[in-house]
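Dear colleague,

I am passing on a structure for you to look through, and my notes on it follow below.

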Amino acid sequence: MTTVQDLPQVRGVKNIPVQEGYTSGHRTCQGCESALVMRLMIKAAGPRTIVVGSTGCMYVANTTYYSTPWVVPWMHTQLGSSGSAATGTAAGLASQMRKGKMKNEPINVIAFCGDGGGADMGLSAVSAALQHDEYNLLILMYDNESYANTDIQVSGSSPWGANSTFSPPGKLHNIMNKRWKKNTAPMLAAGHPNCRYVATACGSYGLDFTNKIRRALTIGGPTFIHSIDPCPKGWDYDPKYSHELGMLAVETGIWVQYEIVDGEVILNGPTKAIANGIRKRKPVEDYLMRQGRFAHFTPDDLKMFQAKIDESWEKWWIPGIVPFHPESEA
Amino acid sequence: MTIAPAQAELYREEKEELISGSEAIGIACALADVDVITAYPIRPYDTVMQYVSKLKADGVFDCDFIVAESEHSQFEIVKHASAVGARTFCGSSGVGWFYAFEAIAVTAGLRLPVVAMVGNRALDDPGAFGVEHNDALAVRDLGWMLYWVATAQEALDMALLAYKVAEDSRVFLPFALSCDGSFLTHSQAIVNVPTFEQVKQFLPDYDRGKLQLHPDNPITIAPQVNEDWLMEIRRQSDEAMRRSTNVIKEAYEEFKATFGRGDPSPFIEEYMTEDAEIMLVGMGTLALPARVAVRRMREQGKKVGFLRIKFFRPFASEEIQEALSKCKAVAVIDRDYSYGSPANGGVLFNEVRSAMYPATNHPHILNFIAGLGGREVLVRDINEIVDTTQRAIDTGKIEEETTWIAVRE
């Protein structure tokens, strides 16, 4: 295995690196949280990094010929290929370095994908990438809970009931998306016991986000981060509330912030406070009713959603993370 | 650059080995010191990967050998390894090749010199392991160079040539070595294996130059171009494919000078074509029964010759025109089909007929679909083809443009 860079944990928000790797030149929407995720990601990783981006908003809206925002080397990969792109890039570097065809130095390899690319189409390639212990790489799944680049279509990572162009409420069916959101990060952590680092993240917590990227890049081997990215266009809210919605997702217990480091589950921020009983979960209504995509919800729909979230906190083996529980003794 | 000592030792001296076409390509990979190889099982191509994995396990081939979780990932992995400057190899067969189709298309679009082996196989459904050429032919419009191999020796030789041509910065296009399933992939023959030193002399290191993705060269690859630029970029790929013709000629001359073997032309092979009135045309291992049949017919005084098309892309229109315009009738034997195409003929037939349109002398051109799904093409099948073609010469007209050979009606 090639060595990793020295990227110490950042203590305090003022110590987040000033140097930008993702600058002007993109044309993401106002209030796009995924753009912030890209910016924080590359700030944390630094200039000796290769970024590979699969098809999605962060390809199409970011990289237009002649006006790339990327200061670091960047390459497009296909929608379902973030895992293979990371593996191929890391293998190409490792092989040439080992054989003396390229200067031997640690170079970060990050591949990002949206929820469509990662949790749906590219899941098998992400899974395969997480099995190759010999390659240092990070796969970052920025989850805006829909195929947001192609006009907001429902994905396997969309919340139950969300209005999208493939799941519009109608006269007969008020709820068209009857699938519950995929539990991607725990699925990958549980399914790849050798993978040393899997985390969830949210751009609303910038310092936490930065340090998660750094931990993923320095622990060694393949790693995975799943971030929740409020999307003004797809979620239908005023762009100025992106940060607030990210925080509400955590505070309502719908989104759970944690790291799984060498098999140890570490809860972060408000999630930890909720789990320890220091904070109470806010009602899901506070989060859902701020977004147009849930405007068609009936009181029963809200009740059902709340019950599912309650269940995930009260019945799951690890609250909000592992959706099984031990055989009951009764 | 350092070659693993055991790898250098294994190929220190020229030797002859009894090996299959797949093994020959595996050895070529070790000789070319390929950096990243990706595998996924599907018959018949996967024999090459079985051989490569054993070379790696035995410590005589230092490469990153990755068993992918699908053909799509197989081709995506080498695509990205190639972008950071690694020499790469992969391959597939039949529907596996189609599963990777998206990655295969973008590899050409990105001008990455990936070398792949296609163990030609019928497309499912219904399932069949045997050879058909439709799998590899499907990429004919995308910017892949396509070569049809006839012998194990040629498989090794052309794998080396493939890297030389694909990695030439005037070309930078991927290269597929099409190998007939079973007849080539699994059939053994005596192969002359060159030394590392010879190969090193012939094949320089892959240098991606200013297109290499690396922190020292922070470029952005494949941003959205849309209607503003795509046409110009397509045109550049077109120019690269046009340039490949001369690069192939140069490389082939150098190959012959280094290794002391080869045909007069890299694009076509002519067998007993001098004064031929009927010319058979085909690709791949069809050459074997075709040559035998031609030899026997010549003994009977029949003026028959065989033209083997080696490069399907780039298609050597001028050389093919020249070779075919001297005869009275041409019989194109397709190991493929193209339902609903002109004359309901095969892909090769339609390409040959199109290439012949500007020729001043027009022989009759007939099409024969044969050997699908791995069915053997026998000498008697070739005799039937020649008889039918002779009838066209005698009567001055073509009864049927396309005839299926040895098929139960």
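**Strand pairing, packing and the chain contact**

In chain B, strand E14 (residues 329-334) and strand E15 (residues 364-369) run parallel and are joined by six bridges, with B:Ile333 standing opposite B:Phe368 in E15(B). Strands here are DSSP runs of E of at least two residues, and helices are runs of H or I of at least four, numbered from the N terminus; two strands pair if DSSP finds at least two bridges between them. This is a predicted model, in which local features need pLDDT of at least 70 and side-chain atom pairs count only at pLDDT 80 or more, while totals for chains, interfaces and linings use all residues. Residues are numbered from 1 along each chain as its sequence is written, and chains are lettered from A and ligands numbered from 1 in the order in which they are written.

Both strands belong to an open, mixed sheet of six strands in chain B, ordered E10-E12-E11-E14-E15-E16. Strand E10 (268-271) and strand E16 (402-404) of chain B each have a single partner strand, so one side of each is left without a neighbour in the sheet.

Turning to the two chains, the contact (C-beta atoms, placed from the backbone, within 7 Å) takes 41 residues from chain B and 42 residues from chain A. On the side of chain B that touches chain A, the largest share, nine residues, comes from H4(B). Strand E2 (residues 74-77) of chain A also pairs with E9(B) in the parallel sense over two bridges, and A:Trp74 stands opposite B:Thr220 in E9(B).

With best wishes
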